[in-house]
Amino acid sequence: MADWGPVLIGVVLFILLQPGLLFQIPGKNRHVEFGTMKTNGKAIAVHTLIFFAFYAVLTFAVHVHIYTG
C-alpha cells in the first residue's frame with residue numbers, strides 16, 4: 001500500500017502558499033498583502049519557511065496518512 005498523505009499535503013500546501021496567490025508576507029507596501037499576484041525574494045523565502053513548518057507538523061507530528069490500494 002502506498003502512503004499518499006505526504007504527497008497530497010505537499011501539493012495542497014504548495015498551491016495554497018504560493019506568494020501572491022492568497023496572501024504575501026512581507027508585501028511590497030504592507031506587512032501582509034492579499035491577492036496581489038506579485039512576489040519578491042523576501043516573500044519567497046518566508047513562504048518557503050511557512051511551507052516547511054506546516055509540512056513538517058502535518059506529516060511528522062499529526063501523522064496524516066492516506067493509503068490506497
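This is a predicted model: local features need pLDDT of at least 70, side-chain atom pairs count only at pLDDT 80 or more; totals for chains, interfaces and linings use all residues.
Now for the overall layout. The protein has two helices and four strands, where helices (H or I, at least four residues) and strands (E, at least two) are DSSP runs numbered from the N terminus. Going along the sequence, these elements come in the pattern β-α-β-β-α-β. The C-alpha atoms fill a box of roughly 50 × 20 × 15 Å along the principal axes. The radius of gyration is 14 Å, while a compact globule of 69 residues would come out near 11 Å; this radius is taken over C-alpha atoms, and the globule rule is 2.2 Å times the number of residues to the power 0.38.

What about the surface? Of the 69 residues, 19% count as buried (buried is under 20% relative accessible area, exposed is over 50%, and partly exposed is in between, with a 1.4 Å probe and protein chains only). As for contacts (heavy atoms within 4.5 Å), take those between residues at least 6 apart in sequence: 50% of them join residues at least 24 apart.

A nonpolar patch also turns up on the surface, with about 1,100 Å² of accessible area together, and its members include Trp4, Val7, Phe14, Met37 and Ile66. Patches are made of residues with over 30% relative accessible area and no salt bridge, with like charges joined within 9 Å and nonpolar side chains (Val, Leu, Ile, Met, Phe, Trp, Tyr) within 5 Å. A salt bridge here is a side-chain nitrogen of Lys or Arg within 4 Å of a carboxyl oxygen of Asp or Glu. Val7, a patch member, belongs to helix H1 (residues 5-16) and is partly exposed at 43% relative accessibility. Its C-alpha atom is 29 Å from that of Gly27, 20 residues away along the chain.

Met37, also in the patch, lies in the loop between strand E3 (33-34) and H2. Met37 counts as exposed because its relative accessible area is 61%. Met37 is not a glycine, yet its phi is positive, at about 60°. His63 has a positive phi too, near 60°. His63 is found in the loop between H2 and strand E4 (67-68), and at 52% relative accessibility it counts as exposed.

Finally, the rings. The structure holds one aromatic pair. Phe51 and Tyr55 make up this pair, which is stacked, at 5.9 Å centre to centre with 15° between the planes. Rings of Phe, Tyr and Trp (its six-membered ring) pair if their centres lie within 6.5 Å; planes under 30 degrees apart count as stacked, over 60 as edge-to-face and the rest as tilted. Both residues lie in helix H2 (residues 41-61), four residues apart, or about one turn of the helix. Phe51 is partly exposed at 25% relative accessible area, and Tyr55 is partly exposed at 24%.

How values were computed. Residues are numbered from 1 along each chain as its sequence is written. Side-chain values use heavy atoms; hydrogens and water are left out. Accessible areas come from the Shrake-Rupley method with a 1.4 Å probe; for residues, only the protein chains shown count as cover.
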